[in-house]
Amino acid sequence: MSNFTGSGKSTTTSKNPIWISLAILLVGLLATFWVSNYVRQDQESLSQKEFVLVCNEVKSKIITRINLQAQFLNSGSSLFESSKSVTRNEWKQFNKFSGDNVKFIGVQGFGFSTIIKKEQLKEHISTVRKEGFPQYKVFPEGARESYTSIIYLEPFDDRNARAFGFDMFSEPTRRQAMEFARDHNRPTLSGKVILRLETDKDLQAGTVMFVPVYKNAPINTIANRREAIMGWVFGAFRMDDLMKSILGSSYLNDKTNIRLQIYDNDTIAPKALLFDSQKNNLKEDDETKTKTRILTVLFNGKKWILVFSKPSENAFFFSTKTLTIAIGGMIISLLLAALSYSLLITKNRARIIAGRLSSDLLNKNHEYERMNESLKKNYKKLILSKEKLDKINNELQKAKIKAEES
(Lines give C-alpha, C1' and ligand atoms only; values in the text may rest on other atoms or scores of the structure.)
Protein backbone atom coordinates (compact mmCIF):
# COMPACT_ATOMS: atom_id res chain seq x y z
CA MET A 1 0.00 0.00 0.00
CA SER A 2 1.05 3.56 -0.50
CA ASN A 3 2.61 5.52 2.43
CA PHE A 4 0.89 8.66 1.31
CA THR A 5 -2.63 9.83 1.60
CA GLY A 6 -4.52 11.48 -1.11
CA SER A 7 -3.92 14.86 0.59
CA GLY A 8 -0.13 14.45 0.18
CA LYS A 9 0.69 14.41 3.95
CA SER A 10 3.19 11.85 5.35
CA THR A 11 1.95 9.48 7.99
CA THR A 12 5.23 10.11 9.91
CA THR A 13 4.63 13.83 10.35
CA SER A 14 2.71 13.04 13.51
CA LYS A 15 6.09 12.36 15.18
CA ASN A 16 7.24 15.81 16.28
CA PRO A 17 11.01 16.22 15.59
CA ILE A 18 11.46 18.41 18.66
CA TRP A 19 10.67 15.50 21.00
CA ILE A 20 13.22 13.28 19.28
CA SER A 21 15.82 16.09 19.49
CA LEU A 22 15.03 16.68 23.14
CA ALA A 23 15.45 12.96 23.80
CA ILE A 24 18.87 13.04 22.10
CA LEU A 25 19.79 16.14 24.15
CA LEU A 26 18.71 14.44 27.38
CA VAL A 27 20.71 11.30 26.61
CA GLY A 28 23.76 13.43 25.80
CA LEU A 29 23.46 15.44 29.01
CA LEU A 30 23.03 12.29 31.09
CA ALA A 31 26.12 10.78 29.46
CA THR A 32 28.02 14.02 30.14
CA PHE A 33 26.89 13.97 33.77
CA TRP A 34 27.96 10.34 34.20
CA VAL A 35 31.39 10.84 32.63
CA SER A 36 32.02 14.09 34.53
CA ASN A 37 30.93 12.53 37.81
CA TYR A 38 33.15 9.52 37.19
CA VAL A 39 36.13 11.79 36.49
CA ARG A 40 35.27 13.89 39.56
CA GLN A 41 35.17 10.83 41.81
CA ASP A 42 38.41 9.56 40.32
CA GLN A 43 40.11 12.89 40.92
CA GLU A 44 38.65 13.11 44.41
CA SER A 45 40.05 9.67 45.19
CA LEU A 46 43.43 10.71 43.80
CA SER A 47 43.28 13.96 45.78
CA GLN A 48 42.52 12.04 48.98
CA LYS A 49 45.46 9.70 48.39
CA GLU A 50 47.76 12.68 47.78
CA PHE A 51 46.38 14.36 50.92
CA VAL A 52 47.12 11.27 53.03
CA LEU A 53 50.58 10.96 51.48
CA VAL A 54 51.46 14.58 52.25
CA CYS A 55 50.18 14.22 55.84
CA ASN A 56 52.29 11.11 56.42
CA GLU A 57 55.37 12.72 54.87
CA VAL A 58 55.00 15.81 57.05
CA LYS A 59 54.66 13.65 60.15
CA SER A 60 57.75 11.66 59.15
CA LYS A 61 59.77 14.83 58.60
CA ILE A 62 58.78 16.21 62.00
CA ILE A 63 59.70 12.97 63.77
CA THR A 64 63.03 12.81 61.93
CA ARG A 65 63.91 16.38 62.90
CA ILE A 66 62.96 15.87 66.54
CA ASN A 67 65.11 12.75 66.73
CA LEU A 68 68.00 14.63 65.09
CA GLN A 69 67.81 17.37 67.71
CA ALA A 70 67.67 14.73 70.45
CA GLN A 71 70.80 13.03 69.10
CA PHE A 72 72.65 16.32 69.04
CA LEU A 73 71.63 17.13 72.61
CA ASN A 74 72.66 13.64 73.71
CA SER A 75 76.07 14.42 72.24
CA GLY A 76 76.13 17.65 74.21
CA SER A 77 75.26 15.77 77.39
CA SER A 78 78.05 13.28 76.69
CA LEU A 79 80.46 16.21 76.25
CA PHE A 80 79.72 17.44 79.78
CA GLU A 81 79.74 13.98 81.32
CA SER A 82 83.07 13.02 79.71
CA SER A 83 84.85 16.24 80.73
CA LYS A 84 85.81 17.56 84.11
CA SER A 85 84.51 20.90 82.93
CA VAL A 86 83.30 22.43 79.69
CA THR A 87 84.33 26.03 79.11
CA ARG A 88 82.17 28.62 77.42
CA ASN A 89 84.44 28.59 74.37
CA GLU A 90 84.33 24.78 74.14
CA TRP A 91 80.53 24.90 74.15
CA LYS A 92 80.64 27.54 71.44
CA GLN A 93 82.93 25.40 69.29
CA PHE A 94 80.75 22.35 69.86
CA ASN A 95 77.68 24.26 68.70
CA LYS A 96 79.44 25.62 65.65
CA PHE A 97 78.43 22.38 63.93
CA SER A 98 74.76 23.16 64.41
CA GLY A 99 75.15 26.68 63.06
CA ASP A 100 76.75 25.38 59.87
CA ASN A 101 74.22 22.58 59.33
CA VAL A 102 71.04 23.41 57.43
CA LYS A 103 69.21 20.68 59.36
CA PHE A 104 69.45 22.88 62.45
CA ILE A 105 67.79 25.88 60.84
CA GLY A 106 64.79 26.85 62.94
CA VAL A 107 66.46 26.08 66.27
CA GLN A 108 66.73 29.25 68.29
CA GLY A 109 69.60 28.03 70.39
CA PHE A 110 71.34 25.22 72.25
CA GLY A 111 72.32 25.79 75.85
CA PHE A 112 73.29 24.36 79.20
CA SER A 113 71.47 24.97 82.45
CA THR A 114 73.36 24.17 85.64
CA ILE A 115 71.98 23.39 89.10
CA ILE A 116 72.97 25.83 91.84
CA LYS A 117 72.29 25.16 95.48
CA LYS A 118 71.03 28.00 97.60
CA GLU A 119 74.29 28.38 99.50
CA GLN A 120 76.32 28.45 96.24
CA LEU A 121 74.30 31.20 94.55
CA LYS A 122 76.47 34.22 95.48
CA GLU A 123 79.69 32.44 94.56
CA HIS A 124 78.20 31.31 91.28
CA ILE A 125 77.09 34.83 90.32
CA SER A 126 80.49 36.22 91.21
CA THR A 127 82.29 33.60 89.12
CA VAL A 128 80.20 34.27 86.00
CA ARG A 129 80.59 38.03 86.37
CA LYS A 130 84.34 37.61 86.44
CA GLU A 131 84.08 35.84 83.06
CA GLY A 132 83.09 39.15 81.52
CA PHE A 133 79.38 39.44 82.32
CA PRO A 134 79.12 42.14 85.01
CA GLN A 135 75.32 42.35 84.72
CA TYR A 136 74.78 38.61 85.15
CA LYS A 137 72.20 37.46 87.67
CA VAL A 138 69.94 34.48 88.24
CA PHE A 139 66.30 35.35 87.71
CA PRO A 140 63.54 35.44 88.67
CA GLU A 141 64.89 36.51 92.05
CA GLY A 142 63.68 34.99 95.29
CA ALA A 143 64.76 32.49 97.91
CA ARG A 144 64.62 28.85 96.74
CA GLU A 145 66.35 25.65 97.79
CA SER A 146 68.08 25.41 94.43
CA TYR A 147 68.30 27.23 91.11
CA THR A 148 68.83 26.18 87.50
CA SER A 149 70.52 28.97 85.62
CA ILE A 150 71.17 29.10 81.87
CA ILE A 151 74.90 29.78 81.71
CA TYR A 152 75.67 28.69 78.12
CA LEU A 153 73.52 29.49 75.11
CA GLU A 154 74.60 29.50 71.48
CA PRO A 155 74.43 31.49 69.38
CA PHE A 156 74.93 34.08 72.12
CA ASP A 157 73.33 36.98 70.25
CA ASP A 158 71.27 39.87 71.61
CA ARG A 159 68.06 37.87 71.43
CA ASN A 160 69.37 34.78 73.20
CA ALA A 161 71.14 36.93 75.78
CA ARG A 162 67.68 37.74 77.19
CA ALA A 163 67.57 34.17 78.57
CA PHE A 164 71.07 34.31 80.12
CA GLY A 165 70.70 33.47 83.83
CA PHE A 166 67.05 32.37 83.60
CA ASP A 167 66.04 29.77 86.19
CA MET A 168 63.86 27.41 84.16
CA PHE A 169 62.90 25.45 87.27
CA SER A 170 60.89 28.50 88.33
CA GLU A 171 58.41 27.98 85.47
CA PRO A 172 56.06 24.95 85.95
CA THR A 173 55.91 23.72 82.34
CA ARG A 174 59.66 23.71 81.86
CA ARG A 175 60.21 22.24 85.32
CA GLN A 176 57.87 19.32 84.58
CA ALA A 177 59.88 18.43 81.46
CA MET A 178 63.22 18.85 83.26
CA GLU A 179 62.14 16.58 86.08
CA PHE A 180 60.84 13.93 83.65
CA ALA A 181 64.12 14.03 81.71
CA ARG A 182 66.07 13.76 84.97
CA ASP A 183 64.04 10.87 86.39
CA HIS A 184 63.90 8.83 83.15
CA ASN A 185 67.27 9.76 81.63
CA ARG A 186 65.86 10.53 78.19
CA PRO A 187 65.38 13.57 75.96
CA THR A 188 62.11 15.29 76.86
CA LEU A 189 60.06 17.99 75.19
CA SER A 190 58.33 20.57 77.31
CA GLY A 191 54.77 21.69 76.83
CA LYS A 192 53.86 24.95 75.17
CA VAL A 193 55.88 27.88 76.51
CA ILE A 194 56.76 31.42 75.55
CA LEU A 195 60.54 31.58 75.31
CA ARG A 196 62.37 34.25 77.29
CA LEU A 197 63.89 35.56 74.08
CA GLU A 198 60.49 36.48 72.59
CA THR A 199 59.53 40.10 71.96
CA ASP A 200 56.23 41.73 71.12
CA LYS A 201 57.11 41.44 67.41
CA ASP A 202 56.46 38.11 65.70
CA LEU A 203 55.48 36.35 68.92
CA GLN A 204 55.63 32.56 68.53
CA ALA A 205 54.79 29.59 70.68
CA GLY A 206 57.83 27.66 71.80
CA THR A 207 58.99 24.38 73.23
CA VAL A 208 62.21 23.23 74.87
CA MET A 209 63.93 19.86 74.65
CA PHE A 210 65.93 18.79 77.70
CA VAL A 211 68.59 16.11 78.07
CA PRO A 212 69.94 15.49 81.59
CA VAL A 213 73.62 15.73 82.48
CA TYR A 214 74.76 13.53 85.36
CA LYS A 215 77.86 13.36 87.47
CA ASN A 216 80.06 10.32 87.15
CA ALA A 217 77.92 8.23 89.50
CA PRO A 218 75.40 5.34 89.34
CA ILE A 219 72.15 6.34 87.66
CA ASN A 220 70.33 3.02 87.56
CA THR A 221 67.45 4.22 89.74
CA ILE A 222 65.37 7.39 89.91
CA ALA A 223 66.83 8.16 93.34
CA ASN A 224 70.36 7.81 91.97
CA ARG A 225 69.56 10.05 89.03
CA ARG A 226 68.14 12.76 91.26
CA GLU A 227 71.29 12.60 93.31
CA ALA A 228 73.64 12.62 90.31
CA ILE A 229 71.95 15.34 88.25
CA MET A 230 74.14 18.38 87.62
CA GLY A 231 72.22 20.15 84.88
CA TRP A 232 70.59 19.90 81.46
CA VAL A 233 71.59 20.61 77.91
CA PHE A 234 68.62 21.95 76.01
CA GLY A 235 67.41 23.16 72.67
CA ALA A 236 64.98 26.08 72.44
CA PHE A 237 62.59 25.99 69.49
CA ARG A 238 60.34 28.69 68.11
CA MET A 239 57.63 26.58 66.53
CA ASP A 240 56.93 28.72 63.46
CA ASP A 241 60.61 28.90 62.58
CA LEU A 242 61.12 25.20 63.30
CA MET A 243 58.19 24.04 61.18
CA LYS A 244 59.11 26.28 58.27
CA SER A 245 62.62 24.86 58.30
CA ILE A 246 61.29 21.29 58.45
CA LEU A 247 58.62 21.66 55.80
CA GLY A 248 60.24 24.19 53.51
CA SER A 249 58.32 25.23 50.41
CA SER A 250 57.38 21.69 49.34
CA TYR A 251 54.47 21.34 51.74
CA LEU A 252 51.60 23.46 53.01
CA ASN A 253 51.87 25.90 50.11
CA ASP A 254 49.15 27.39 47.94
CA LYS A 255 49.33 24.43 45.55
CA THR A 256 48.61 21.77 48.16
CA ASN A 257 46.30 24.15 50.07
CA ILE A 258 46.80 22.07 53.22
CA ARG A 259 46.62 23.62 56.65
CA LEU A 260 48.61 22.14 59.52
CA GLN A 261 47.87 22.85 63.16
CA ILE A 262 49.93 21.33 65.95
CA TYR A 263 48.51 21.04 69.45
CA ASP A 264 50.25 20.14 72.68
CA ASN A 265 49.19 16.86 74.29
CA ASP A 266 45.55 15.75 73.77
CA THR A 267 43.91 19.18 73.81
CA ILE A 268 42.71 20.58 70.50
CA ALA A 269 42.07 24.09 71.73
CA PRO A 270 43.55 27.56 71.09
CA LYS A 271 45.43 27.52 74.40
CA ALA A 272 47.27 24.35 73.34
CA LEU A 273 48.05 25.51 69.79
CA LEU A 274 51.77 25.27 69.04
CA PHE A 275 51.73 25.96 65.33
CA ASP A 276 49.29 27.03 62.64
CA SER A 277 50.52 27.16 59.06
CA GLN A 278 47.76 29.63 58.18
CA LYS A 279 47.67 31.73 61.32
CA ASN A 280 48.14 34.88 59.25
CA ASN A 281 45.25 33.97 56.96
CA LEU A 282 42.59 36.39 58.16
CA LYS A 283 40.08 35.29 55.53
CA GLU A 284 38.29 32.25 56.85
CA ASP A 285 34.94 30.82 55.85
CA ASP A 286 33.28 28.76 58.53
CA GLU A 287 30.88 27.33 55.96
CA THR A 288 33.66 25.87 53.82
CA LYS A 289 33.66 22.09 54.02
CA THR A 290 37.04 20.59 54.81
CA LYS A 291 38.52 17.15 54.89
CA THR A 292 40.59 16.53 58.00
CA ARG A 293 43.25 14.06 59.03
CA ILE A 294 44.54 13.82 62.59
CA LEU A 295 47.90 12.20 63.35
CA THR A 296 49.91 11.98 66.54
CA VAL A 297 53.61 12.38 67.15
CA LEU A 298 54.91 10.62 70.26
CA PHE A 299 58.32 11.40 71.70
CA ASN A 300 59.34 9.97 75.06
CA GLY A 301 56.00 10.60 76.71
CA LYS A 302 55.25 13.86 74.92
CA LYS A 303 52.38 13.88 72.42
CA TRP A 304 51.72 16.35 69.65
CA ILE A 305 48.43 16.30 67.77
CA LEU A 306 48.84 17.11 64.08
CA VAL A 307 45.59 18.33 62.52
CA PHE A 308 45.70 18.51 58.74
CA SER A 309 42.82 20.14 56.90
CA LYS A 310 42.07 20.90 53.28
CA PRO A 311 38.99 22.51 51.73
CA SER A 312 36.74 19.99 50.02
CA GLU A 313 35.67 20.77 46.49
CA ASN A 314 31.90 20.72 47.03
CA ALA A 315 30.99 22.10 43.61
CA PHE A 316 30.08 19.52 40.98
CA PHE A 317 32.77 20.67 38.56
CA PHE A 318 35.87 21.74 40.40
CA SER A 319 38.81 20.95 38.16
CA THR A 320 39.92 21.95 34.71
CA LYS A 321 39.56 18.39 33.50
CA THR A 322 36.00 17.84 34.69
CA LEU A 323 34.99 21.35 33.64
CA THR A 324 36.35 20.72 30.15
CA ILE A 325 34.51 17.39 29.92
CA ALA A 326 31.27 18.92 31.18
CA ILE A 327 31.31 21.93 28.87
CA GLY A 328 32.46 19.84 25.90
CA GLY A 329 29.78 17.23 26.58
CA MET A 330 27.03 19.83 26.83
CA ILE A 331 28.13 21.56 23.63
CA ILE A 332 28.26 18.25 21.75
CA SER A 333 24.84 17.27 23.11
CA LEU A 334 23.34 20.60 22.01
CA LEU A 335 24.94 20.29 18.57
CA LEU A 336 23.67 16.73 18.13
CA ALA A 337 20.18 17.75 19.22
CA ALA A 338 20.19 20.72 16.84
CA LEU A 339 21.58 18.61 14.01
CA SER A 340 19.02 15.86 14.57
CA TYR A 341 16.22 18.43 14.68
CA SER A 342 17.45 19.96 11.44
CA LEU A 343 17.74 16.55 9.76
CA LEU A 344 14.34 15.44 10.95
CA ILE A 345 12.72 18.68 9.80
CA THR A 346 14.43 18.32 6.41
CA LYS A 347 13.40 14.68 6.22
CA ASN A 348 9.79 15.52 7.02
CA ARG A 349 9.77 18.31 4.49
CA ALA A 350 11.21 15.92 1.91
CA ARG A 351 8.51 13.41 2.77
CA ILE A 352 5.81 16.07 2.36
CA ILE A 353 7.24 17.24 -0.96
CA ALA A 354 7.56 13.64 -2.13
CA GLY A 355 3.97 13.00 -1.07
CA ARG A 356 2.76 16.03 -2.95
CA LEU A 357 4.75 15.04 -6.04
CA SER A 358 3.40 11.51 -5.87
CA SER A 359 -0.12 12.82 -5.46
CA ASP A 360 0.33 15.16 -8.42
CA LEU A 361 1.83 12.35 -10.45
CA LEU A 362 -1.08 10.08 -9.57
CA ASN A 363 -3.57 12.77 -10.54
CA LYS A 364 -1.73 13.33 -13.81
CA ASN A 365 -1.79 9.62 -14.44
CA HIS A 366 -5.53 9.51 -13.85
CA GLU A 367 -5.98 12.46 -16.17
CA TYR A 368 -3.85 10.77 -18.76
CA GLU A 369 -5.92 7.61 -18.49
CA ARG A 370 -9.12 9.66 -18.90
CA MET A 371 -7.68 11.38 -21.93
CA ASN A 372 -6.56 8.06 -23.36
CA GLU A 373 -10.03 6.62 -22.90
CA SER A 374 -11.48 9.71 -24.52
CA LEU A 375 -9.11 9.35 -27.44
CA LYS A 376 -10.05 5.71 -27.84
CA LYS A 377 -13.71 6.57 -27.88
CA ASN A 378 -13.13 9.38 -30.37
CA TYR A 379 -11.03 7.06 -32.47
CA LYS A 380 -13.79 4.48 -32.56
CA LYS A 381 -16.26 7.20 -33.49
CA LEU A 382 -13.90 8.35 -36.18
CA ILE A 383 -13.67 4.81 -37.60
CA LEU A 384 -17.40 4.47 -37.57
CA SER A 385 -17.76 7.84 -39.22
CA LYS A 386 -15.27 6.80 -41.90
CA GLU A 387 -17.10 3.57 -42.52
CA LYS A 388 -20.36 5.48 -42.89
CA LEU A 389 -18.65 7.95 -45.17
CA ASP A 390 -17.22 5.16 -47.30
CA LYS A 391 -20.66 3.56 -47.50
CA ILE A 392 -22.19 6.87 -48.55
CA ASN A 393 -19.44 7.33 -51.14
CA ASN A 394 -20.11 3.86 -52.51
CA GLU A 395 -23.79 4.53 -52.72
CA LEU A 396 -23.08 7.85 -54.47
CA GLN A 397 -20.82 6.09 -56.97
CA LYS A 398 -23.48 3.53 -57.62
CA ALA A 399 -26.07 6.28 -58.02
CA LYS A 400 -23.77 8.15 -60.38
CA ILE A 401 -23.21 5.05 -62.52
CA LYS A 402 -26.91 4.37 -62.71
CA ALA A 403 -27.50 7.95 -63.69
CA GLU A 404 -24.98 7.75 -66.45
CA GLU A 405 -26.45 4.53 -67.69
CA SER A 406 -29.83 6.07 -67.82
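## A loop between two strands

The place of Asn300 is in the loop that lies between strand E8 (290-299) and strand E9 (302-311). In this predicted model, Asn300 has a positive phi of about 50°, although Asn300 is not a glycine. Asn300 is partly exposed, with a relative accessible area of 26%.

A second residue with a backbone of this kind is Asn185, whose phi is positive at about 55° although Asn185 is not a glycine either. Asn185 belongs to the loop between H4 and E3, and with a relative accessible area of 37% Asn185 is partly exposed.

## The five-stranded sheet

Five strands form an open sheet in the order E2-E1-E5-E4-E3, and their pairing is antiparallel. Strand E2 (146-154) and strand E3 (188-189) stand at the edges, each with a single partner strand, so one side of each is left without a neighbour in the sheet. Packed on this sheet is helix H4 (residues 172-184), which touches E1, E2 and E3 as well as strand E4 (206-214) and strand E5 (229-238), and whose direction makes about 35° with that of E4. Helix H6 (residues 239-247), for its part, lies across E4 and E5 and runs at about 70° to E5.

Strand E1 (residues 107-117) is joined to E2 by eight bridges, the two strands running antiparallel. Within this pairing, Gly111 stands opposite Leu153 in E2, and Lys117 stands opposite Ser146 in E2. E1 is also joined to E5, through seven bridges and again with an antiparallel run, and here Gly109 stands opposite Ala236 in E5.

## The largest pocket

How much space lies in the largest pocket? The volume comes to about 840 Å³, and 31 residues line this pocket, those nearest its centre being Thr114, Ile115, Ile116, Gln120 and Met230. The elements that give two or more residues to this lining are E1, helix H3 (121-130), E2, helix H5 (222-228) and E5.

The largest share of the lining of this pocket comes from E1, which supplies five residues. Sorted by class, the lining of the largest pocket holds twelve nonpolar residues, nine polar residues and ten charged residues.

E2 and E5 each supply at least two residues of the lining, which divides by class into ten nonpolar, two polar and two charged residues.

Which residues line the second largest cavity? They are Arg65, Ile66, Gln69, Leu189, Met209, Phe237, Leu242 and Trp304. Helix H1 (residues 17-82) gives the most to this lining, with three residues, and by class the lining of the second largest cavity divides into six nonpolar residues, one polar residue and one charged residue.

## Two cis peptide bonds

Two prolines in the model deserve a separate look. The peptide bond that leads from Phe139 to Pro140 is cis, with omega near 0°, and Pro140 lies in the loop between H3 and E2.

The peptide bond from Glu154 to Pro155 is likewise cis, with its omega near 0°. Pro155 has its place in the loop between E2 and H4, and E2 is one of the strands that stand at the edges of the sheet.

Conventions:
Residues numbered from 1 in each chain as written. Predicted model: local features only at pLDDT ≥ 70, side-chain atom pairs only at ≥ 80, totals over all residues. Heavy atoms only, no water. Pairing = 2+ DSSP bridges. Helix = DSSP H or I, 4+ residues; strand = E, 2+ residues; numbered from the N terminus. Contact = heavy atoms within 4.5 Å. Axes fitted to C-alpha atoms, helices over the stretch in contact; angles between N-to-C directions. 1 Å grid on protein atoms, 1.4 Å probe; cavity = no way out; pocket = protein on both sides within 12 Å on 5 of 7 lines; lining within 4 Å. Points joined across faces, edges and corners; volume = space filled by probe spheres on them. Nonpolar A, V, L, I, M, F, W, Y, C, P; charged D, E, K, R; others polar. Buried < 20%, exposed > 50% of the residue type's maximum accessible area, 1.4 Å probe, protein only.
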